[in-house]
Structures are given as C-alpha cells and as structure tokens.
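Reader: Could we go through this model together, beginning with the charged side chains and then moving to the packing?

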Amino acid sequence: MTLPIALPVLPARLLATVPLQKINYDLAETIGWSRQVDLVAHLYHALPPGQRATTAILAGNYGEAGAIDRYGPAAGLPPAFSGSNSLWFWGPPPARDSSAIAVNMDPALLRRLFRHVRQVAVFRNGLGVSDDEQGVVIDEATGLRVPWRTAWPSLRDFS
C-alpha cells in the first residue's frame, strides 16, 4: 500500500484527484516534462535562424533544466543553462548568445539583463496536476546588456 506514496506508479492523471502529493510532493514533478520541452522547442524553432543561432535556453530550476537536457536533444534544442543550485557552477551560456528562451525565470531579473523581454507562452501539463511546472511562464529575452561572465552571478539561486 505504500508503493504509490513512494514511487510514481499511478497514472499521472490520478494525481489531479488523489491527494498523494500531500504526502510526497515529488510524485508529480516529472509530469509534463516532455510536453514542456516540446513547447520550448516550438518557440525556439520559430525564431529566425540568425537569432536562433545566438539564443540560449535558460531554466529557472533544476527540474526544468533537467527536462530540457533529457528531452531537448531529440527536439533540436541546445543544452539548458540554470543558476539553480549546483547547476550554477556549470557556468553561463556561450559568449555568442545574446538572446534567451527563459523558462520560469524572474521577469524583473530578465529585464535587468536584457533590453527586450516578452512573455511568449504559459505551460499547462494538460492533466490538471499541480506541480512546479504547471502555469510556468516562458519568456523570450533579446539584447543581452552585458557579457554572460558579468551577468551570470546574478542568476545564482541556491534555494
């Protein structure tokens, strides 16, 4: 009887109605990852080729970065960059990148780092399951104001 509490063995749709997340919040944290990456890929590939060549993918937390790195290569995405926890130590995007598709990033921070920031999507997992990714805003940011080596320390988030 403890198996559904400890492991994600139930269908994802059930988590919208069965309160198992109150016992183990992490049960739903991978729900919708492939759909979220598909959305990011759609936005990324819709960019003009010249802009796409200089666009990084930023992720607000390690789950989103992990999803992009897990499912993104098949969708033609570059690796994700994140200031979340130890991912920050992996360093900033390449110096050539002056734009970003930003998943779940603080818009005030983005506006400090980029000249133009606009919301391009809101992610919904389609199952009504509440998790860290449900309702996440995705922004397009262009015109990096300073080099990444200067901007990167402001993305550090050890929470």
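Reader: Which residue does R96 meet in a salt bridge?

Author: The side chain of R96 meets that of D97, with an N to O distance of 3.6 Å, where a salt bridge is a side-chain nitrogen of Lys or Arg within 4 Å of a carboxyl oxygen of Asp or Glu. Please keep in mind that this is a predicted model, in which local features need pLDDT of at least 70, side-chain atom pairs count only at pLDDT 80 or more, and totals for chains, interfaces and linings use all residues. Residues are numbered from 1 along each chain as its sequence is written, and side-chain values use heavy atoms, with hydrogens and water left out.

Reader: Is R96 buried or exposed, and what about D97?

Author: R96 is exposed, at a relative accessible area of 56%, whereas D97 is buried at 4%; buried means under 20% relative accessible area, exposed over 50%, and partly exposed in between, using a 1.4 Å probe and protein chains only.

Reader: How many salt bridges does a search of the whole structure find?

Author: The search finds two, and R118 with E140 is one of them, their closest N and O atoms being 3.0 Å apart. Because R118 lies in strand β4 (residues 114-122) and E140 in strand β5 (residues 137-144), the pair ties together parts that are 22 residues apart in sequence; strands (E, at least two residues) and helices (H or I, at least four) are DSSP runs, numbered from the N terminus.

Reader: Changing topic, which residues have the most contacts inside the largest nonpolar core?

Author: They are V40, I57, I68, L77, I101, V103 and I138, in a core of 20 residues. A nonpolar core here is a set of buried Ala, Val, Leu, Ile, Met, Phe, Trp, Tyr and Cys residues joined through side-chain atoms within 4.5 Å.

Reader: Which element gives the most to this core?

Author: That is α2, with six residues, and α2 (33-45), β1 (55-59), α4 (62-71) and β3 (99-103) each supply at least two.

Reader: And what does I138 touch?

Author: Leaving aside residues up to four places away in sequence, I138 touches residues including L39, V40, I101 and R118, a contact being heavy atoms within 4.5 Å.

Reader: Last one: where does S84 lie, and what does S84 touch?

Author: S84 lies in the loop between β2 (80-81) and β3, and is buried at 5% relative accessibility. With residues up to four places away in sequence not counted, S84 touches G60, N61, Y62 and D157, and a polar atom of the S84 side chain lies 3.3 Å from the backbone nitrogen of Y62.

Note on methods. Polar contact = N/O pair within 3.5 Å; in protein donor to acceptor, adjacent residues only side chain to side chain.
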